[in-house]
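Here's a quick tour of a few local features in one chain. Have the coordinates open while you read.

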Amino acid sequence: MDIAAPRYDTNWPSIRDEVSATEWQARCDLAACYRLIDAYGMTDLIYNHITLRIPGTEHLLINLYGLLYKEITATSLVKIDVEGNILWKPDTDYGINKSGYVIHGAIHKARPDVAAVIHTHTRAGMAVAAMKCGLLPLSQTSIRFVGHLGYHDYEGPAVDLSERERIVADLGPHDALVFRNHGLLTCGATLPQAFNTMYQLEMSCRAQVDAMNSRTDLLVPDEATLAKTAHLYQPGARRPYGVLEWHAMLRRLDAEQGNSGYPPYAI
């Protein structure tokens with residue numbers, strides 16, 4: 001008996017005319033965010049997830065499990081509910097990673113203020129996640145997270161639905177979470193905000209690893225300066241995060257994708 005070969009090609013026709021304008025824009029934004037995570041060196045092969053709630057619905061968009069971030073397109077994204085049930089996906093044998101909806105679905109379900117969730121396994125993020133001290137306020141970038149960062153103890157691969165309530169409790173009202181011995185997570189009221197927070201958290205981790213490797217005494221500002229700086233860098237204290245950066249980053253993608261060998265993200 002012949003066994004059919006898995007269908008892993010990615011030549012799917014665009015669904016732009018089959019979804020609402022709102023959903024299509026959400027798909028384009030999320031596909032762009034995947035490309036940006038790749039462009040800024042925060043990917044882990046085919047692993048990890050970014051989710052975005054389709055405005056006006058309780059449905060989420062997530063990546064197919066098997067695609068590189070640099071090849072994700074608006075059409076390739078999967079529509080699921082917060083319990084991980086697939087509502088639509090391209091005609092393919094690729095599915096979704098269970099950890100994606102265990103972690104992300106829990107946050108989307110518990111935090112109606114959250115539109116987007118990003119999870120990474122970067123070298124620097126995993127290094128800081130393995131440090132008992134956690135993230136230290138060694139730079140202006142990292143001081144942003146003083147009093148605004150949660151920690152979740154490692155419980156093994158995130159496939160147990162019972163872990164959801166503990167993830168949500170450890171995140172609390174924050175927009176950033178360190179999964180100890182695991183990686184990083186950020187979320188936000190908008191996708192650009194969640195991306196900005198992840199970028200800054202990642203840069204904080206890289207700076208900490210570099211500083212600790214310098215084998216010199218480390219300088220931490222006084223408590224009053226830490227509190228003042230952390231407050232001024234909260235979303236909305238001066239301006240929303242991601243608004244200024246987002247269109248500039250999309251222009252970067254538009255300029256670079258013609259030579260990437262991968263299809264444009266907005267198809």
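Helix 1 covers residues 21–39, so to speak a run of 19 residues, and spans 27 Å from its first C-alpha to its last, close to the 27 Å expected at 1.5 Å a residue. Keep in mind that this is a predicted model. After helix 1 comes Gly 41, with a positive phi near 70 degrees.

Next, a pair of loop residues. Val 114 sits in the loop between helix 2 (98–110) and strand 5 (116–120), while Leu 218 is found in the loop between helix 6 (191–213) and helix 7 (223–232).

Is Val 114 buried or exposed? Val 114 counts as buried because its relative accessible area is 1%, under the 20% cut-off.

What does Val 114 touch, once neighbours within four places in sequence are set aside? Its contacts are Arg 53, Ile 107, His 108, Cys 187 and Gly 188.

| Pair | Separation in sequence | C-alpha to C-alpha distance |
|---|---|---|
| Val 114 and Gln 208 | 94 residues | 28 Å |
| Leu 218 and Gln 208 | 10 residues | 9.8 Å |

Note on methods
Residues are numbered from 1 along each chain as its sequence is written. This is a predicted model: local features need pLDDT of at least 70, side-chain atom pairs count only at pLDDT 80 or more; totals for chains, interfaces and linings use all residues. Side-chain values use heavy atoms; hydrogens and water are left out. Helices (H or I, at least four residues) and strands (E, at least two) are DSSP runs, numbered from the N terminus. The expected span of a helix is 1.5 Å times one less than its number of residues. Buried means under 20% relative accessible area, exposed over 50%, partly exposed in between (1.4 Å probe, protein chains only). Contact means heavy atoms within 4.5 Å.
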